[in-house]
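Subject: Handover of a structure and findings

Dear colleague,

Please find below the structure that I am handing over to you.

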Amino acid sequence: MWIEETEANALWRGKASFYRISHIYNNELLQLAKLNFEFKQSIYRKELEELKGWSKVWGLSDMGFGREKTTYCYFAIAASTSLPCDSYVRMLVAKSALLITVADDFFDMKGSLNELEDLTDAVRRWDSRGLSSHSKIIFDALENLVTETATKYLKHDGTDITSSLQDLWYETFLSWLIEAKWSRMKIRPSIDDYIKTGMTSVATHTLVLPASCFVKPSLPIEKLRPKQYETVTKLLMVIARLLNDMQSYQKEKEEGKVNSVLAFMIENSEAEIEDSIAHVREILDKKKKELLEHVLMDGFTDLPKPCKDLHLSCLKVFQMFFNSTNRFDSNTEVLRDIKKAIYFPLEVRILKPLQNLPLHSAEPKKKSTTAKASFKGLFKQNIRTSFTAHQVSRPSFGKGYGIIPIARKLALGLL
């Protein structure tokens, strides 16, 4: 639907819509849009408070280390999808993103290698015996999330997906453990081995696949299994990893970690950092095009459209956070966007009614410049020359459209 804007350019894209509303209702529609936006803000604020409460109850917000990104995680999914996208989908993705952030930081900076191995083994066994402190908090929050997700799906679909969700999370924890060992033991993997593990550790599939089970039509359950991932899912995993690496290689180099940019330099000893960045960017651009083909064109994947849209939303999130800088790790980069989207009232400028312009001015217009006067004189001269050089009869389709009335207007200075 578009609002008719009489003074707008004829190429305005809104005019491609089938439904039109006259511009005389502009102000009423603006007020309606404002109320709609404020209604959405109230939903977002309510869900964000619910997410903060969940994080507090399970101890994730009081870990004492790493990044506190509860609001960022919720804003990411809320900004990349649109209502009436199911509230549970947003909460599931936000909770998963929050848990991923906390657990990833634990593997990166806090846990000892023994603690990380014990936690990963506990996720494999799905049994928290022997865990304590931060490891126990992370596992308990994960168990709550998986149980809640599986219970809801069982209630609505009649299928138990508990084991599939557990395997999905174990794969992610195992990738974090592998990377932690690389870092602690100063192991330099090949770029192929790094990408294979890194595309899993970025955990985008852990976000979009469980959520895709709750859209309509939903993700086929067999697609939750690691060996059954669709190409579009694998593309998203690689793209997210490369986007992250492009903005974090300097920090990870200082911390002694591996990265796709750094891994390429290791395998190509003569390559400069600029060469490595250019190589990774080339791969990234190619993978983005492939993902867009799978999402927007038919014949590439049999995933339902809502599932493909969630993949595209996840790509938008990583583009927002890592396109030109690492905005996710910043404590200020995204704050204003969050406030404008969720908290700040919308300012609406009331449009003044359009007024018709007179056909002719009461007084002759003054020539503003010599160039304009010269152009007008040249135009008249060319017309008169044309009349003299060619014998043109008056057309028969109307008095006002013939050559003679035009010449008369020129003579009177009306043109």
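**Aromatic rings**

Phe 139 has a relative accessible area of 1%, which is under the 20% limit, and therefore counts as buried. The model is a predicted one, and every value in this message is computed from it.

The structure contains 16 aromatic pairs. In one of them, the ring centres of Trp 126 and Phe 139 lie 5.4 Å apart with the planes at 55°, so this pair is classed as tilted. Phe 139 belongs to helix 5, whereas Trp 126 sits in the loop between helix 4 and helix 5, so the pair ties together parts that are 13 residues apart in sequence.

A second pair is formed by Phe 321 and Phe 328 and is edge-to-face, with 5.1 Å from centre to centre and 75° between the planes. Phe 321 and Phe 328 are both buried.

Ring pairs also link a cluster, whose members are Phe 65, Phe 106, Phe 107, Trp 169, Phe 173 and Trp 176.

**Backbone exceptions**

Most residues other than glycine have a negative phi, and most peptide bonds are trans.

Trp 126, already named for its ring pair with Phe 139, has a positive phi of about 55° although it is not a glycine. The loop that holds Trp 126 runs between helix 4 (113-125) and helix 5 (133-157). With a relative accessibility of 16%, Trp 126 is below the 20% limit and therefore counts as buried.

Lys 186 also has a positive phi, near 60°, and is likewise a residue other than glycine. Its position is in the loop between helix 6 (162-184) and helix 7 (191-201). Is Lys 186 buried or exposed? The relative accessible area of Lys 186 is 57%, which is over 50%, so this residue is exposed.

The remaining place is a peptide bond: the one from Lys 216 to Pro 217 is cis, with omega near -10°. Pro 217 is found in the loop that connects helix 8 (204-212) and helix 9.

How many cavities of 30 Å³ or more does a search of the whole structure find? The search finds one. The largest cavity holds about 40 Å³ of space. Its lining consists of Leu 92, Ser 96, Leu 145, Val 146, Thr 149, Leu 165, Trp 169 and Pro 210. Helix 3 (87-110), helix 5 and helix 6 are the elements that give two or more residues to this lining. Helix 5 gives the most, with three residues. By type, the lining residues of the largest cavity divide into six nonpolar and two polar, with no charged residue among them.

**The surroundings of Lys 257**

Lys 257 is located in the loop between helix 9 (231-254) and helix 10 (260-267). The side chain of Lys 257 makes a polar contact of 3.0 Å with the side chain of Glu 255. When residues up to four places away in sequence are left out, Lys 257 touches Asp 108, Ser 183, Glu 252 and Leu 262.

With kind regards

Methods
Residues are numbered from 1 along each chain as its sequence is written. This is a predicted model: local features need pLDDT of at least 70, side-chain atom pairs count only at pLDDT 80 or more; totals for chains, interfaces and linings use all residues. Side-chain values use heavy atoms; hydrogens and water are left out. Helices (H or I, at least four residues) and strands (E, at least two) are DSSP runs, numbered from the N terminus. A polar contact is a pair of N or O atoms within 3.5 Å; within protein, one must be able to donate a hydrogen and the other to accept it, and residues adjacent in sequence count only if both atoms are side-chain atoms. Contact means heavy atoms within 4.5 Å. Buried means under 20% relative accessible area, exposed over 50%, partly exposed in between (1.4 Å probe, protein chains only). On a 1 Å grid over the protein atoms alone, a cavity is a set of points where a 1.4 Å probe fits but cannot get out, and a pocket is an open set with protein on both sides within 12 Å along at least five of seven lines; lining residues have an atom within 4 Å of a point. Grid points are joined across faces, edges and corners, and a volume is the space filled by probe spheres set on the points. Ala, Val, Leu, Ile, Met, Phe, Trp, Tyr, Cys and Pro count as nonpolar, Asp, Glu, Lys and Arg as charged, and the others, Gly among them, as polar. Rings of Phe, Tyr and Trp (its six-membered ring) pair if their centres lie within 6.5 Å; planes under 30 degrees apart count as stacked, over 60 as edge-to-face and the rest as tilted.
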